[in-house]
Amino acid sequence: MARSRNIKPGLYKNEYLVTISFAARYMAAGLSCWADREGRLEDRPMKLKMEMFPADNVDVVELLDELESAGFIQRYEIDNSPYIQIVKFEKHQSPHSKENESTIPAPDKSGACTRTKVKGIRNQVKGISKE
(Lines give C-alpha, C1' and ligand atoms only; values in the text may rest on other atoms or scores of the structure.)
Protein backbone atom coordinates (compact mmCIF):
# COMPACT_ATOMS: atom_id res chain seq x y z
CA MET A 1 0.00 0.00 0.00
CA ALA A 2 1.35 3.40 -0.95
CA ARG A 3 1.74 5.99 1.78
CA SER A 4 2.27 9.74 1.81
CA ARG A 5 5.86 10.66 2.61
CA ASN A 6 7.98 13.81 2.59
CA ILE A 7 10.87 14.46 0.25
CA LYS A 8 13.46 16.75 1.77
CA PRO A 9 15.46 19.07 -0.51
CA GLY A 10 18.71 17.51 0.72
CA LEU A 11 17.88 14.33 -1.17
CA TYR A 12 18.81 16.06 -4.40
CA LYS A 13 22.21 17.09 -3.04
CA ASN A 14 23.13 13.78 -1.42
CA GLU A 15 26.74 13.22 -2.46
CA TYR A 16 26.26 9.47 -2.85
CA LEU A 17 22.99 9.59 -4.77
CA VAL A 18 24.27 12.12 -7.32
CA THR A 19 26.70 9.45 -8.56
CA ILE A 20 23.93 7.09 -9.69
CA SER A 21 21.56 7.24 -12.65
CA PHE A 22 18.62 9.60 -12.87
CA ALA A 23 16.16 6.68 -12.80
CA ALA A 24 17.76 5.33 -9.60
CA ARG A 25 17.53 8.78 -7.98
CA TYR A 26 13.87 8.97 -9.02
CA MET A 27 13.33 5.59 -7.42
CA ALA A 28 15.11 6.75 -4.25
CA ALA A 29 12.68 9.64 -3.95
CA GLY A 30 9.64 7.40 -4.31
CA LEU A 31 10.69 4.16 -2.63
CA SER A 32 9.62 5.34 0.83
CA CYS A 33 6.02 5.55 -0.37
CA TRP A 34 5.90 1.76 -0.48
CA ALA A 35 7.89 1.20 2.72
CA ASP A 36 6.27 0.59 6.08
CA ARG A 37 6.78 2.83 9.12
CA GLU A 38 10.22 1.32 9.73
CA GLY A 39 11.41 1.89 6.15
CA ARG A 40 11.07 -1.78 5.18
CA LEU A 41 9.41 -3.35 2.18
CA GLU A 42 9.39 -6.59 0.26
CA ASP A 43 12.13 -6.84 -2.36
CA ARG A 44 9.81 -7.45 -5.32
CA PRO A 45 11.32 -5.70 -8.36
CA MET A 46 8.44 -6.40 -10.76
CA LYS A 47 5.88 -5.06 -8.30
CA LEU A 48 8.01 -1.95 -7.71
CA LYS A 49 8.36 -1.46 -11.46
CA MET A 50 4.59 -1.60 -11.90
CA GLU A 51 4.11 0.87 -9.03
CA MET A 52 6.83 3.36 -9.94
CA PHE A 53 7.63 2.88 -13.63
CA PRO A 54 4.52 1.36 -15.27
CA ALA A 55 5.17 2.92 -18.69
CA ASP A 56 8.97 3.07 -18.61
CA ASN A 57 11.53 0.65 -19.98
CA VAL A 58 13.81 0.39 -16.94
CA ASP A 59 15.52 -2.50 -15.19
CA VAL A 60 14.40 -2.13 -11.58
CA VAL A 61 16.87 -4.79 -10.39
CA GLU A 62 19.72 -2.63 -11.72
CA LEU A 63 18.21 0.46 -10.07
CA LEU A 64 17.97 -1.34 -6.73
CA ASP A 65 21.58 -2.48 -7.13
CA GLU A 66 22.60 1.15 -7.73
CA LEU A 67 20.72 2.30 -4.64
CA GLU A 68 22.33 -0.44 -2.57
CA SER A 69 25.81 0.44 -3.88
CA ALA A 70 25.18 4.08 -2.95
CA GLY A 71 24.25 3.02 0.60
CA PHE A 72 20.64 4.24 0.30
CA ILE A 73 19.09 0.80 0.83
CA GLN A 74 20.08 -2.53 2.31
CA ARG A 75 18.80 -5.66 0.59
CA TYR A 76 18.53 -8.78 2.74
CA GLU A 77 16.81 -12.12 3.10
CA ILE A 78 15.25 -13.88 6.06
CA ASP A 79 13.95 -17.42 5.62
CA ASN A 80 14.39 -17.08 1.82
CA SER A 81 12.13 -14.00 1.74
CA PRO A 82 13.81 -10.92 0.19
CA TYR A 83 13.38 -7.50 1.80
CA ILE A 84 14.65 -3.94 1.52
CA GLN A 85 15.53 -1.58 4.37
CA ILE A 86 15.79 2.11 3.50
CA VAL A 87 18.87 3.24 5.40
CA LYS A 88 18.29 6.20 7.77
CA PHE A 89 14.56 6.12 6.99
CA GLU A 90 13.65 7.19 10.53
CA LYS A 91 15.92 10.25 10.23
CA HIS A 92 14.05 11.57 7.20
CA GLN A 93 10.48 10.36 7.65
CA SER A 94 7.84 10.78 10.35
CA PRO A 95 5.19 8.11 9.75
CA HIS A 96 1.64 8.81 10.84
CA SER A 97 0.99 7.71 14.42
CA LYS A 98 -1.86 5.46 13.26
CA GLU A 99 0.25 3.67 10.66
CA ASN A 100 0.51 -0.04 11.46
CA GLU A 101 3.65 -1.48 13.00
CA SER A 102 6.03 -3.22 10.65
CA THR A 103 5.41 -6.90 9.97
CA ILE A 104 8.70 -7.21 8.09
CA PRO A 105 11.64 -8.44 10.17
CA ALA A 106 14.56 -6.07 10.66
CA PRO A 107 17.77 -6.77 8.73
CA ASP A 108 19.70 -7.15 11.99
CA LYS A 109 17.42 -10.00 13.10
CA SER A 110 19.22 -13.25 13.81
CA GLY A 111 19.35 -15.29 10.64
CA ALA A 112 19.28 -12.32 8.27
CA CYS A 113 21.54 -12.56 5.26
CA THR A 114 22.50 -9.56 3.14
CA ARG A 115 21.86 -9.86 -0.58
CA THR A 116 25.58 -9.50 -1.32
CA LYS A 117 26.30 -12.44 0.96
CA VAL A 118 23.41 -14.38 -0.57
CA LYS A 119 24.76 -13.75 -4.08
CA GLY A 120 28.19 -14.95 -2.94
CA ILE A 121 26.75 -18.11 -1.41
CA ARG A 122 24.71 -18.82 -4.55
CA ASN A 123 27.79 -18.31 -6.73
CA GLN A 124 29.78 -20.74 -4.55
CA VAL A 125 27.02 -23.33 -4.86
CA LYS A 126 26.96 -22.84 -8.64
CA GLY A 127 30.78 -23.08 -8.76
CA ILE A 128 31.24 -19.46 -9.88
CA SER A 129 34.33 -17.78 -8.49
CA LYS A 130 34.68 -14.01 -7.93
CA GLU A 131 38.37 -13.97 -8.83
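# Close-up views of a predicted chain

Of the contacts (heavy atoms within 4.5 Å) in the chain with a separation of 6 or more, 68% are between residues 24 or more positions apart. This is a predicted model, in which local features need pLDDT of at least 70 and side-chain atom pairs count only at pLDDT 80 or more, while totals for chains, interfaces and linings use all residues. Residues are numbered from 1 along each chain as its sequence is written, and side-chain values use heavy atoms, leaving out hydrogens and water.

**View 1. The whole chain, to get your bearings.** Here you can pick out 5 helices and 4 strands. Starting at the N terminus, their order is α-β-α-α-β-β-α-β-α. Both kinds of element are DSSP runs numbered from the N terminus: helices are H or I with at least four residues, strands are E with at least two. The chain has 131 residues, and 37% of them are buried. Buried means under 20% relative accessible area, exposed means over 50%, and partly exposed is in between (1.4 Å probe, protein chains only).

View 2. Side chains of opposite charge can pair when their charged atoms come close. A salt bridge here is a side-chain nitrogen of Lys or Arg within 4 Å of a carboxyl oxygen of Asp or Glu, and the structure holds 3 of them. In one, D43 pairs with R75, their closest N and O atoms being 2.8 Å apart. D43 sits in the loop between β1 (40-42) and α2, and R75 in strand β2 (residues 73-78), so this pair ties together parts 32 residues apart in sequence. D43 is buried at 5% relative accessibility, and R75 is buried too, at 3%. R75 also bridges to D65, with the closest N and O atoms 2.7 Å apart. As D65 belongs to helix α3 (residues 60-69) and R75 to strand β2, the pair ties together parts 10 residues apart in sequence. D65 is partly exposed, at 25%.

**View 3. The salt bridge of R44 with E42.** The closest N and O atoms of R44 and E42 are 3.1 Å apart. R44 is partly exposed at 42% relative accessibility, and E42 is partly exposed at 39%.

**View 4. K49, a buried lysine without a salt bridge.** K49 belongs to helix α2 (residues 45-52). Which side chain of opposite charge is nearest to K49? That is D56, 6.5 Å away. For charge, Lys and Arg count as positive and Asp and Glu as negative, with His and the chain ends not counted. Setting aside neighbours within four places in sequence, K49 is in contact with P54, D56, V58 and V60.

**View 5. Helices α1 and α3 packed together.** The angle between α1 (residues 22-31) and α3 is about 80°, and their axes are 9 Å apart. Axes are lines fitted to C-alpha atoms, for helices over the stretch in contact, with angles running from 0 to 180 degrees between N-to-C directions. The two helices α1 and α3 are therefore roughly perpendicular. Angles under 35 degrees count as roughly parallel, over 145 as roughly antiparallel, 65 to 115 as roughly perpendicular and the rest as oblique. From α1, A23, A24, M27, A28 and L31 meet V60, L63, L64, E66 and L67 of α3.
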